[in-house]
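Please look over the structure below with this briefing beside it. The notes take up a pocket, a residue and a sheet in turn.

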Amino acid sequence: MKTLKTLMAAIMLAATLPGQATNAYAQDWRKDAEGREVDCLLQVKGKTYLKGTCMYDADQDGSFRLFGDKYFVYLNMLEKGVASASWNESPKSSHAQAPLGEDFKQDGACWVGKRAKICATDKADKKEGKDESQKDVDQKDAAQQDTGQKDAAQKDAGQPSRIKFDKGASTAVVTGKLADFDGEQTYLIEVGKGQTMTVEQLNKYSNGQISIYVTDPQGGDANDLDASCHGKATVTPTMAGDYKIQVMECKKADPWKGKFAFKVTVK
């Protein structure tokens with residue numbers, strides 16, 4: 001009887017403290033985030049999810065991440081002036097698994113798509129009363145840098161480019177350049193055992209058709225059977241280690257010269 005009373009008391013105590021359950025999921029994503037503080041805004045379908053202070057972490061090509069108290073959002077450059085975005089959608093989620101679209105274009109300190117608006121402004125700029133439309137947290141200058149130059153430099157040096165995911169992300173967008181049928185770009189990506197990796201060309205942001213070839217950590221051919229240009233490859237289950245991804249022009253299509261883009265997803 002004493003044990004039963006103790007159990008009932010514990011249940012009643014839990015019922016009077018509903019906040020305890022939700023607090024287990026509560027996390028301020030700014031706490032461990034890299035970068036610097038900015039004034040931020042995230043609106044999805046007209047509803048505001050981020051407003052105030054966020055941690056801002058940017059890449060050389062203009063891609064960036066914003067971390068707020070409950071939500072975070074990633075913006076990835078696809079080509080000059082165009083980006084894709086995704087967010088965690090739920091405060092309980094630690095991954096930016098919810099896509100917001102691939103139609104974001106820069107408007108001052110903001111990136112605007114059909115579904116969402118993402119803004120980041122340096123706090124110092126706001127305090128000095130400068131025009132916020134001209135203060136885009138170094139995004140504009142960074143976005144104008146051609147990421148293909150980095151790929152070309154690594155190719156000339158005989159070194160493959162390393163693909164890395166942003167914190168909490170399962171997808172990365174990679175861009176590069178090809179000049180002819182003999183051109184090739186090589187990438188490395190580290191994955192765990194038993195996962196599924198998909199590599200897929202983004203036709204909308206490519207000047208021509210590419211072929212994607214994947215080699216497993218043991219040097220074996222990891223491609224699935226595909227009689228087309230082989231613009232998509234899926235590997236499941238994966239081995240643990242570095243996979244090599246080779247990108248070249250599709251020999252079954254007309255030769256071309258310019259940019260390509262592909263997406264890598266590992267789950």
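A pocket here is an open set of points on a 1 Å grid over the protein atoms alone, with protein on both sides within 12 Å along at least five of seven lines, and its lining residues have an atom within 4 Å of a point. This is a predicted model, in which local features need pLDDT of at least 70 and side-chain atom pairs count only at pLDDT 80 or more, while totals for chains, interfaces and linings use all residues. Residues are numbered from 1 along each chain as its sequence is written, and side-chain values use heavy atoms, with hydrogens and water left out.

**Second largest pocket**
- The second largest pocket has a volume of about 360 Å³, a volume being the space filled by probe spheres (1.4 Å probe) set on the grid points.
- Its lining comprises 17 residues, and Ser-86, Ala-96, Pro-99, Thr-171 and Lys-263 lie nearest the centre.
- At least two lining residues come from each of β4 (72-79), β5 (82-87), β6 (98-107), β10 (171-178) and β16 (258-266), strands being DSSP runs of E with at least two residues, numbered from the N terminus.

**Leu-50**
- Leu-50, which lies in strand β2 (residues 47-58), counts as buried because its relative accessibility is 2%, buried meaning under 20% relative accessible area with a 1.4 Å probe and protein chains only.
- Beyond its neighbours within four places in sequence, Leu-50 is in contact (heavy atoms within 4.5 Å) with Cys-40, Leu-41, Leu-42, Gly-68, Tyr-71 and Val-73.

**Open sheet**
- Four strands form an open sheet in the order β9-β11-β15-β13, with mixed pairing, where two strands pair if DSSP finds at least two bridges between them.
- β9 (161-162) and β13 (210-215) each have a single partner strand, so one side of each is left without a neighbour in the sheet.
- β9 pairs with β11 (residues 184-191) in the parallel sense over 2 bridges, and Arg-162 has Leu-188 as its bridge partner in β11.

How values were computed
Buried < 20%, exposed > 50% of the residue type's maximum accessible area, 1.4 Å probe, protein only.
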